[in-house]
Amino acid sequence: MSGTADDITDDKANTNPTARKHTALPKAQILIEALPWLTRHRGKTVVIKFGGNAMVDEELKAAFAQDVVFLHHAGLKPVVVHGGGPQISAALDRHGIVSEFKAGLRVTTEDAMDVVRMVLAGQVQRELVGLLNQHGPLAVGLTGEDAHTITATKHQPRIEGELVDIGRVGEITEIDTGAIEALLADGRIPVVSSIARSQDDHHVYNVNADTAAAALAAALDAETLMVLTDVEGLYEDWPHSDEVISRLTAKELEKLLPELASGMVPKMEGCLHAVRNGVETARVIDGRVQHSILLEIFTDEGIGTMVVPDAPDDLTEGEAA
């Protein structure tokens, strides 16, 4: 009989279907690789701005809901802030109201505001809450009006040196996180519509969802702000190059802001506000990629642009003081 006892033992192991083939092993390896990230982020608040193509594609919407629920069950505290640009435009069109944008913001007449409020709180929010709650009784919807979560005043952007009236568009003046914190403490996932009431005239205002998400992230002392977009991230030299900037500091972003396309300005200004007000990282990620949130938060590579605070050495004396 040829072969050693060890050879015979190895042959037996190789013919053992249990020892030979573990089809679930790759899944276990993925989970183990995520362990450091799960440990790092556990218990931390993550504010996610839901928007862009992810809002209208059924598969992307379902994947987004799965990602948020995964974060919740992994021990993070996700807070979702949503706009509803495509749905609002479609509803305005049905009502015969022309959609117009100035300085990257939607011009919102009184008639348009009624439609905006109806779409955000009555359609987009309810659908998103429903998708999340397919995985358990987790999500609770509220608007910036509820419990004075977001208070705003009339916003007039400056275009070519002149203040321009764009209607019922609000500039955030105050954030009250009490209702959101109570929901998080109860193990819920808050879903916030970006509308607010003014203390000045008691009107309801349309607030840019990127701006609202950034303000909430700062007020909640969130670890991360994540903004879903319809692009891969912030491009190095658009339109001459499609190279994405993977990481930049607040100061580096501030220098780039004047050169950005108007649609990216509120997103990147929101990221800048967040990291300069206590949020550890702000990330712009491609919402067209399924499970982009998990790819960004639980991998080294990431898939978008991450903004970080300036290092202490980068601060001027005035900033340091």
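The legends below describe close-up views of a predicted model.

**View A. Strand S6 and its pairing partners, S9 and S11.** Strand S6 covers residues 150–154 and runs antiparallel to strand S9, residues 170–175, to which five bridges join it. Within this pairing, Ile150 of S6 has Ile175 of S9 as its bridge partner. Strand S11, residues 195–198, runs parallel to S6, and two bridges join these strands. Here Ala152 is partnered by Ser198 in S11.

**View B. The largest pocket and the residues at its centre.** This pocket has a volume of about 650 Å³. Its lining comprises 31 residues, and those closest to the centre are Lys49, Gly85, Asn208, Asp210 and Lys267. By class, the lining residues are 13 nonpolar, 13 polar and five charged.

**View C. Helices and strands in the lining of the largest pocket.** At least two lining residues come from each of helix H5 (85–94), strand S4 (105–106), helix H8 (209–219), strand S13 (224–229) and helix H10 (265–275). Helix H5 contributes the most, with three residues.

**View D. The second largest pocket and its lining.** The space in this pocket amounts to about 520 Å³. Of the 20 residues that line the second largest pocket, Leu105, His155, Thr211, Pro266 and Glu269 lie nearest its centre. Strand S9 and helices H8 and H10 each provide at least two lining residues, and the largest share, five residues, is from H10. The lining of the second largest pocket consists of ten nonpolar, seven polar and three charged residues.

Methods: Residues are numbered from 1 along each chain as its sequence is written. This is a predicted model: local features need pLDDT of at least 70, side-chain atom pairs count only at pLDDT 80 or more; totals for chains, interfaces and linings use all residues. Side-chain values use heavy atoms; hydrogens and water are left out. Two strands pair if DSSP finds at least two bridges between them. Helices (H or I, at least four residues) and strands (E, at least two) are DSSP runs, numbered from the N terminus. On a 1 Å grid over the protein atoms alone, a cavity is a set of points where a 1.4 Å probe fits but cannot get out, and a pocket is an open set with protein on both sides within 12 Å along at least five of seven lines; lining residues have an atom within 4 Å of a point. Grid points are joined across faces, edges and corners, and a volume is the space filled by probe spheres set on the points. Ala, Val, Leu, Ile, Met, Phe, Trp, Tyr, Cys and Pro count as nonpolar, Asp, Glu, Lys and Arg as charged, and the others, Gly among them, as polar.
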